[in-house]
Amino acid sequence: MKWSDEYWPLLIKEYKKKPEGVKPVYTKNMVDLSLYLHIPPQELHKKMLELRALGTPSVQRVWQELADNPRKLTKAVKIVKERQGLGNASEFFEGVETNESFERDFRPLEEDERLKPVHLIMILNLYFQLTPNTMVAETEEVQELAKILKLPVKTILEIMEVFQFCDPYLNRDELMIHPLVFVCKDIWNRYGNDDIEKLEALAGQLREYFK
């Protein structure tokens with residue numbers, strides 16, 4: 001979906017939340033708004049930077065009208081959501097081609113509803129910082145990631161074992177039967193063969209989502 005100026009009240013509402021200002025790309029609220037509008041978090045972040053700059057007359061106008069008037073802002077947000085089916089975005093976008101991409105990363109996996117692809121991205125990032133010998137429960141980084149993701153250490157290690165199977169440098173010839181094999185392979189294909197620094201930067205941003 002493309003940005004529409006009618007969405008400004010939704011973004012102003014997020015901007016005004018304490019601490020007021022531009023929010024990190026992957027805060028939970030920003031991701032939820034992205035999923036609601038079917039607009040990637042990075043695009044909403046750019047729009048929030050536009051909001052801070054007040055660089056166009058239309059942005060200036062909506063800011064002056066709503067930013068310092070909580071009652072008016074609440075009403076404007078309500079109107080936007082009513083136009084979108086009383087908050088039911090699925091009805092609003094019915095018949096509209098939304099071509100999902102980023103949304104899938106933030107939805108529970110069919111194979112394990114405790115997990116989302118973003119969990120696997122975070123685990124893969126740590127995978128590249130360790131060696132197989134240090135992928136154990138006693139490793140501090142494993143324990144820290146388990147706390148961030150609110151997952152058992154055992155689950156982190158189990159997924160790392162699946163990533164070892166996906167790792168071409170380990171030459172694992174044995175057959176692995178695990179419900180997450182294909183999902184982990186997909187994450188590996190997307191990030192494991194690319195610049196590891198890009199993955200590390202993404203994981204650093206995604207930490208906000210789990211706060």
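Buried means under 20% relative accessible area and exposed over 50%, with partly exposed in between. The legends below refer to a predicted model.

**Figure 1. Overall fold of the predicted model.** The secondary structure of the protein consists of 11 helices and zero strands. Along the principal axes, the C-alpha atoms occupy a box of roughly 60 × 35 × 30 Å. Of the 211 residues, 45% count as buried. The accessible surface amounts to about 12,400 Å², and 50% of this area belongs to carbon and sulfur atoms. Among contacts with a separation of 6 or more, 60% are between residues 24 or more positions apart. The protein carries 30 positive and 35 negative charges, whose mean positions lie 10 Å apart.

**Figure 2. The negative surface patch and Glu-200 of helix α11.** Asp-194, Asp-195, Glu-197 and Glu-200 together form a negative surface patch. Helix α11 spans residues 196-206 and contains Glu-200. Glu-200 has a relative accessibility of 45% and therefore counts as partly exposed.

Figure 3. Leaving aside neighbours within four places in sequence, the contacts of Leu-199 are Ile-121, Leu-124, Asn-125, Phe-128 and Tyr-191. Although Leu-199 and Leu-124 are 75 residues apart in sequence, their C-alpha atoms are 8.5 Å apart. Residues up to four places away not being counted, Leu-202 touches Tyr-26, Ile-121 and Tyr-191. A C-alpha separation of 9.0 Å is found between Leu-202 and Asn-125, which are 77 residues apart along the chain.

**Figure 4. Helix α2 and the pair Asp-32 and Lys-28.** Helix α2 (residues 28-37) is mostly covered, with seven of its 10 residues buried. The buried residues of α2 are Met-30, Val-31, Leu-33, Ser-34, Leu-35, Tyr-36 and Leu-37. A salt bridge joins the side chains of Asp-32 and Lys-28, with an N to O distance of 3.1 Å. Asp-32 and Lys-28 are four residues apart in helix α2, so about one helical turn separates them. Asp-32 is partly exposed, its relative accessible area being 32%, and Lys-28 is partly exposed at 37%. After α2 comes His-38, which has a positive phi near 60°.

**Figure 5. The salt bridge between Arg-207 and Glu-144.** The side chains of Arg-207 and Glu-144 meet at 3.6 Å, N to O, in a salt bridge. This pair links distant parts of the chain, 63 residues apart: Arg-207 is in the segment after α11, and Glu-144 is in helix α8 (residues 140-149). Arg-207 counts as partly exposed because its relative accessibility is 38%. Glu-144, at 40% relative accessibility, counts as partly exposed.

**Figure 6. The salt bridge between Glu-208 and Lys-211.** Glu-208 and Lys-211 form a salt bridge in which the closest N and O atoms are 3.1 Å apart. Glu-208 is partly exposed, with a relative accessible area of 24%, whereas Lys-211 counts as exposed at 73% relative accessibility.

Key:
Residues numbered from 1 in each chain as written. Predicted model: local features only at pLDDT ≥ 70, side-chain atom pairs only at ≥ 80, totals over all residues. Heavy atoms only, no water. Patch = residues over 30% accessible without salt bridge, like charges linked within 9 Å, V, L, I, M, F, W, Y side chains within 5 Å. Areas by Shrake-Rupley, 256 points an atom, 1.4 Å probe, with all protein chains shown as cover. Salt bridge = Lys/Arg side-chain N within 4 Å of Asp/Glu carboxyl O. Lys, Arg positive; Asp, Glu negative; His and termini not counted. Charge placed at Lys NZ, Arg CZ, Asp CG, Glu CD. Helix = DSSP H or I, 4+ residues; strand = E, 2+ residues; numbered from the N terminus. Buried < 20%, exposed > 50% of the residue type's maximum accessible area, 1.4 Å probe, protein only. Contact = heavy atoms within 4.5 Å.
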